Amino acid sequence: MEKSQIKDELDNIFKKIFNNETLEISENMSANDVDNWDSLSHMLLITEIEDHFSIKFKLRELNKMKNVGVLIDILSSKLN
Amino acid sequence: MVFTSFNFLIFFPIVIVLYYLIPSRIRWCFLLLTSIFFYANVLPLYVILLLFVSLITYLFGIIIEREKSDSKKEKFLIIGIILVFLPLFIFKYYDFLNEMIFNFMDYFSIRFPLPKLNLLLPVGISFYTFMAIGYLFDIYNEEIKAEKNIGLITLFLSFFPLVLSGPIERAPSMLPQFKSELTFNYEKAVQGFKFIIWGYFMKLVVADRIGIYTDVVLSNMEYHSGKTLLFTVLIYPLQLYADLGGYSLIAIGVAGVLGIKVRRNFNRPFFATTLSEFWRRWHMSLISWILDYVYTPLSFAFRRYKMKGVLLTVILTLFIMGMWHGATLTYLMWALFQGVVLSFEAITKNKKFAFEKKYNLSKKWWYIAFGISITYILFAFSFLTGGNRHTFSEGIMAFEKIINFSGSIFIDSPSNLIFIILGAFILLLKDFKEEFFSSRLLFFNNKLKIIRILSYSFIIILILLIGVFDAGQFIYFKF
């Protein structure tokens, strides 16, 4: 799956989890940039992404996700 | 040797002079020897434990990194953590568990009593144990490379400014600093001394003055009136903040003078508007440690259970935190209380957010003040459910007395009360100013040198005049 496609699909998941239709994700975006992105919603986000792409993350991958760009990289390496 | 002891006032200047006299590439060795000496000065025998934990940390760091397969890495991580945790477990939890199991078996009339150990808890053991566990996790997570120099690992765990009470540092920020050229930096050193002065003020003037009052009341709660208990409950959080917050500032300052940057531990906690925000500002090095190495792995493991999983994780994490504070049932009650409030905040978070947005509340001063007060009161009263001073039933009794608002307020000495109010006022005023008006009304960061000097002189005079110099102990040394 192309990274741009992953990003588009993630965009919808983010809108749903953070309940914000105007939210546009970018590679540099991190938890600090989004209202309500805390440890709680983070885990809901992770499960939603896992279900959507039918994958499972490892704890180590979770720890590496410092921003959306890294998340896309990890997803792309798992999906391809 | 504690920071408030006379010995430290002699020890530290000698360390500074020698440290900057020797060549910079061997300064880390000097720090290591000084740290071992500092720790041995508290309890010589327990240096062995510190060295044992350092050795295990060093070895398992290398083993975890070298292992190729994920499952083996995980296995060695777990073995490493168990070994590192073993001394803390034996010293802190053995007697507690032993007694619980004995009582449980006794209920079924089975009696196999194991001997009680009654060991004296090695100071700082949980701080360096946590740092060691964090290091092993960081290697497993591939955040850092395993350190090949056992001396640096030992220095990381025993670094004397932090070894007794934290802040709980992380290897990725400390090891590179120890490896770099440790040169004298004027700005860092001056900032360090400023932190030290504030730290002494918080500890000696605020914490220990309040301590004189709360010690009397908390150790004899049944003899005190509702009004006295209410006053005590309300000032006790200030004492805890000034005690550990002050200690942390001294530690950060001492490290700073030696050119080492250490993370901050408190961020004006009493200006948080919710309890969850409070816990992001209070004892931050511990909380972020727990978040990264306890909460995150647990919530990751329970993520399939959605909200139930989150609540379970919050309660389990607080349970572990309560156990850390003290292996007693009252601390577990305290943790449960926190857990219930935090879970409530988590569940209602989105609704609250929408409500605040609708009425545009988040910038209104009275709304902020309301949130701050509620959070402070919740935190203050949570100590009635438990804590180190009294039992749960005594707490309930105290709560009833407070509700009845009985009797008159107990004043041990009017001057002490005035000093408490003065010290707490200055501390809170400083925090208040930094929270809301950080670039206005500058005293301690004023452009004019004379105002800066006068401001710090005022604080030093207060320390000398009303500081308590014979209280000695920090509350957090017990951990």
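This is a predicted model: local features need pLDDT of at least 70, side-chain atom pairs count only at pLDDT 80 or more; totals for chains, interfaces and linings use all residues.

1. Residues are numbered from 1 along each chain as its sequence is written, chains are lettered from A and ligands numbered from 1 in the order written, and side-chain values use heavy atoms, with hydrogens and water left out.

2. Chain B and chain A bury about 2100 Å² between them, 53% of it on carbon and sulfur atoms (buried area is the accessible area, with a 1.4 Å probe, that two parts lose on being put together, summed over both). In chain B, the residues B:F300, B:R303 and B:R304 lose the most area to chain A, together 27% of what that side buries.

3. Between chain B and chain A there are eight salt bridges, a salt bridge being a side-chain nitrogen of Lys or Arg within 4 Å of a carboxyl oxygen of Asp or Glu. One of them joins A:E50 to B:R304, whose closest N and O atoms are 2.6 Å apart.

4. B:T34 is buried, as its relative accessible area is 6% (buried means under 20%, exposed over 50%, partly exposed in between, with a 1.4 Å probe and protein chains only). Leaving aside neighbours within four places in sequence, B:T34 is in contact (heavy atoms within 4.5 Å) with B:F11, B:V15 and B:F160, and its side chain reaches the backbone oxygen of B:F30 at 2.5 Å.

Conventions. A polar contact is a pair of N or O atoms within 3.5 Å; within protein, one must be able to donate a hydrogen and the other to accept it, and residues adjacent in sequence count only if both atoms are side-chain atoms.
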